[in-house]
Amino acid sequence: MYSTAFLDLPPLVNAAGTVRLPGSKSISNRVLLLAGLAEGTTDVRDLLDSDDTRVMLAALEALGCRLQRNRASLLVTGIGGQLRTREAKLFLGNAGTAMRPLTAALAVLAATQGGAFELSGVPRMHERPIGDLVDALRQLGCPVADLAQPGFPPLRVGDGATHMLQTGAPIRVRGDVSSQFLTALLLALPLVTTDGPVTIEVDGELISKPYIDITLRLLARFGIDVQRDGYRRFVLPQGSAYRTPGRIHVEGDASSASYFVALGAIAATDKPVRIEGVGLDSIQGDIRFIDAAQAMGAQVKGGDGWLEVKRGAWPLKGITLNCNHIPDAAMTLAVMALYADGPTRLTDIASWRVKETDRIAAMATELRKLGATVEEGADFIEVQPLPAGAWRAASIHTYDDHRMAMCLSLAALNPLAGAGQPVPVRIEDPRCVAKTFPDYFEALFDLVQPLAGSVPVLTVDGPTASGKGTLASELAAKLGYHLLDSGALYRATALAAQDAGISLEDEASLAMMAAQLDLRFDGHRVLLGGRDITDPLRLESTGGMASRVSVHPAVRQALFQLQLSFRRLPGLVADGRDMGTVVFPSAELKVFLTASVEQRASRRLKQLLGKGVAATLDGLLADLRARDERDMLRSVAPCKPAEDAVLLDNSALSIDASVEQVLGWWQARRPF
Ligand SMILES: Nc1ncnc2c1ncn2[C@@H]1O[C@H](COP(=O)(O)OP(=O)(O)OP(=O)(O)O)[C@@H](O)[C@H]1O
Ligand SMILES: Nc1ccn([C@@H]2O[C@H](COP(=O)(O)O)[C@@H](O)[C@H]2O)c(=O)n1
C-alpha cells in the first residue's frame with residue numbers, strides 16, 4: 001500500500017495480465033455482522049482486509065465475539081443474540097457498511113436486554129445521514145440519542161434499561177436516500193421475532209436494489225428466510241434465528257472489478273485483462289457494470305469467478321444510462337467517458353452526494369482539472385470526451401474517497417486518447433484506497449505498461465559517506481518510488497569474488513561473475529545466492545574492495561542492464577557515482593551530494609561506532625581520501641556531477657533539511 005502524500009502515475013499505454021480481486025466490502029461486513037450475531041463459529045474465507053472491515057472486526061471484538069485468524073480464514077464465534085458487553089464506545093471510521101447495521105443491531109439488543117452503546121466515526125461519517133434509520137428504530141421503541149447534529153452520527157443507542165418493542169405494527173423506513181437503512185433493519189430485526197413476525201415497509205422508491213438482494217441472500221445463508229412483496233414489504237418470520245452456515249466464502253469485490261474492466265476496455269489491445277475472484281455468477285449488483293462497459297465498447301467474456309476484458313469499439317461510445325442499480329461502479333463510467341466519441345450522461349445518481357464525499361461534485365471538479373467539460377445536476381453528471389491535445393497534467397484531490405483515487409487513476413491512460421502530449425496524473429493521498437483495496441496501485445502497476453521512457457528517475461550521486469544512501473531512501477519513501485543502491489551491486493560483486501577466490505584485478509572473471517550475480521533485495525536484507533550478506537555488505541573493507549572492482553569497464557558494463565531494470569513503475573530514486581552521468585542520463589532530476597571530507601569521516605565514524613565497529617577518525621580520513629581519489633580519477637564513469645546536476649553540499653544541513661531541499665527541486669520539475 002502507498003502511504004505517501006501523493007503518487008505520480010506516468011502516462012500509460014497498454015494493459016494485460018491477471019488481477020486477483022480482494023473480497024467484496026459489502027459481503028464482508030454483512031457476513032461479519034451475521035456471524036457475530038449468530039450462535040456458533042463461522043469460518044469466513046477470503047474476507048476483505050481493509051479499513052472498513054477492520055473497524056467492523058474491532059467492534060465485534062469489543063462486543064464479545066471471538067475472532068481467530070488462520071492463514072486462509074477467519075473464525076468468528078458469535079454472541080448468539082445475547083449481549084456479552086452492556087456498554088461500549090465503537091469507532092467505525094468512514095464505514096457505512098459498519099455504522100448502519102451496527103446501529104440497528106445494537107439498538108434492538110440494548111433495548112431488549114439493557115445496554116448503551118456509542119457509535120462514532122471520522123468527521124465525514126458525521127455528515128452522512130442516518131436519520132431515516134434512527135426514525136425507524138424509534139418507531140420500534142428503541143432509545144436512540146443524537147450526540148451531535150440530529151439525523152447524523154455520533155449516536156448513543158440504548159439507555160441501560162430494558163424496553164418492550166412495538167414489533168406488532170409494520171416498521172416504516174425510507175428507501176430513497178440509502179438502501180443501507182433497509183439492509184440494517186433486515187440484518188438486525190431477526191433478533192426481535194420471538195413473539196411474532198416483524199414487517200418492514202419501504203417508503204418511497206427503493207434505490208440500489210441489488211444491495212438488498214445481497215442482504216437477503218446472506219440472511220438466507222444464515223438461516224433467515226425473509227418473505228417479501230417486491231421491494232416494498234419484507235416479513236421476518238416469527239422465531240427467526242441466525243444459524244451459522246459453517247463455512248462461507250466472500251467473493252471478490254465487483255465494484256473494484258470495474259477499474260480493471262475499464263482498464264481492459266481502454267488499453268487491452270492484444271491480450272486481455274483477466275479478473276479473478278468475481279464473475280458472471282456474482283451476487284453483487286455491481287457486476288452489471290459489465291453491461292455498461294459493453295455498451296461503451298468493451299469486449300467482455302466471463303464465467304464463474306472470472307472475467308476477461310479487451311478493447312472493442314475505439315474510441316469508446318458515449319452512453320446515457322440510469323445508474324441507480326450500480327451506484328458505486330458507475331463512477332468508473334465517468335472516467336471512461338473521457339475516452340468516448342460523444343457525451344456520457346449518468347442519471348439517477350443522487351446517492352453519490354451522500355457517500356464518502358459528495359461524489360458528483362468531486363468527480364466534476366477533478367475531471368475538469370484534467371481539461372474535461374462536465375455538467376452536473378442534483379442527480380446526474382454529463383462528461384464530454386477529452387480530445388487528444390486537451391489533456392492537462394493534474395493533481396487529483398481524492399477527498400478521502402477510495403473510489404475517487406481508483407477511478408481517476410484511469411486518466412493516466414491519456415496517451416491512448418490520441419497523439420497529443422501525454423501527461424502524468426498525480427493521485428493525492430493514495431492511501432485512501434485502503435478502505436476497500438489496499439494494494440490497488442500495486443495491482444495496477446502489475447498490469448500496465450508505461451509510455452517508453454516515462455517512468456521518472458531521480459539520481460543522487462556523490463562521494464563516499466556524503467549521505468547519498470540516507471537521502472535516496474528517504475526520497476524513495478516519500479515518493480513511493482523504487483530504490484537502487486548501485487554501490488550495493490559493486491559491493492556484492494566484490495564479496496562474491498572474495499568468496500570465489502577471484503583476484504580483484506581479474507577484470508574478465510569479475511565481469512562474468514557480476515553478470516551472473518544472484519542478488520535479491522528483501523526489505524532491508526540483501527541475499528547473495530540465498531546467503532544473507534546484509535552486514536558484510538556494509539563493512540568499510542567491502543566498500544574499499546568495491547571501489548577496486550568498480551574501476552573495470554567490463555564489470556561496469558556487466559552491471560549496466562541490472563541497474564536499468566530497477567526503473568519500474570511508479571518511479572526510481574538511484575544512488576551511486578554515475579547514476580546521472582552514465583546509467584540514467586535522462587533522469588528528471590540529478591543531485592550531486594557533497595560534504596567536506598572531515599564531515600564525512602566524522603559521520604562515518606559515528607555510524608560505525610554506533611554499530612559497535614571499531615574505527616578511528618584518522619584511519620577513516622585516509623580511507624575516504626583514497627576512495628575519493630580512485631572513484632573520481634578512474635577512466636570509466638568517474639564520480640563527478642552530470643552537466644545538468646544540481647549540487648548540494650550538506651556539510652551544514654540536517655538530513656531532514658536535505659530531503660526537503662531535494663523534494664522542493666523535484667516538485668518544481670513536475671508539471672502539477
Ligand atoms: N545531512 C546529514 N547530516 C548529518 N548526517 C548525515 C547527513 N546525511 C547522512 N548523514 C549520516 O552520514 C552517515 C553516512 O550516510 P550514508 O550511509 O547515507 O552515506 P553514503 O553516501 O550513502 O555512503 P556510501 O557511499 O558509503 O554508501 C550516516 O550515518 C547518515 O545518517
Ligand atoms: N554507481 C556506483 C556506485 C558505487 N560505485 C563503487 O562502489 C563503491 C561502493 O559504493 P557505496 O556507495 O556503496 O559506498 C564506491 O566506492 C564506488 O567505487 C561505483 O563505482 N558506481
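Start at ligand 2: helix H14 supplies the largest share of the shell around it, four residues. Keep in mind that this is a predicted model.

**Stop 1: the shell around ligand 2**

Select ligand 2 and its surroundings. The ligand is surrounded by 15 residues, and the closest are Gly487, Tyr490, Ser547, Ser550 and Gly576. Next, colour three helices: H14 (486-500), H17 (540-549) and H21 (617-633) are the elements that give two or more residues to this shell. Colouring the shell around ligand 2 by residue class shows seven polar, five charged and three nonpolar residues.

**Stop 2: the four-stranded sheet**

Now move to the sheet. In what order do its four strands lie? The order is E7-E8-E10-E9, in an open sheet with mixed pairing. Select strand E7 (87-91) and strand E9 (144-146), which stand at the edges; each has a single partner strand, so one side of each is left without a neighbour in the sheet. Looking across the sheet, neighbouring strands are turned against each other by 15 degrees on average, direction ignored.

**Stop 3: E9 and its pairing with E10**

Zoom in on E9 together with strand E10 (residues 155-157). The two pair in the antiparallel sense, over three bridges. Pick Val144 here: opposite it, in E10, stands Val157.

**Stop 4: the helix on the sheet**

Which helix packs on the sheet? Select H3 (residues 96-113), which touches E7, strand E8 (116-120), E9 and E10. To compare directions, show H3 and E8 together: the direction of H3 makes about 170 degrees with that of E8.

Notes
Residues numbered from 1 in each chain as written. Chains lettered and ligands numbered in written order. Predicted model: local features only at pLDDT ≥ 70, side-chain atom pairs only at ≥ 80, totals over all residues. Near = placed C-beta within 6 Å. Nonpolar A, V, L, I, M, F, W, Y, C, P; charged D, E, K, R; others polar. Pairing = 2+ DSSP bridges. Axes fitted to C-alpha atoms, helices over the stretch in contact; angles between N-to-C directions. Contact = placed C-beta atoms within 7 Å.
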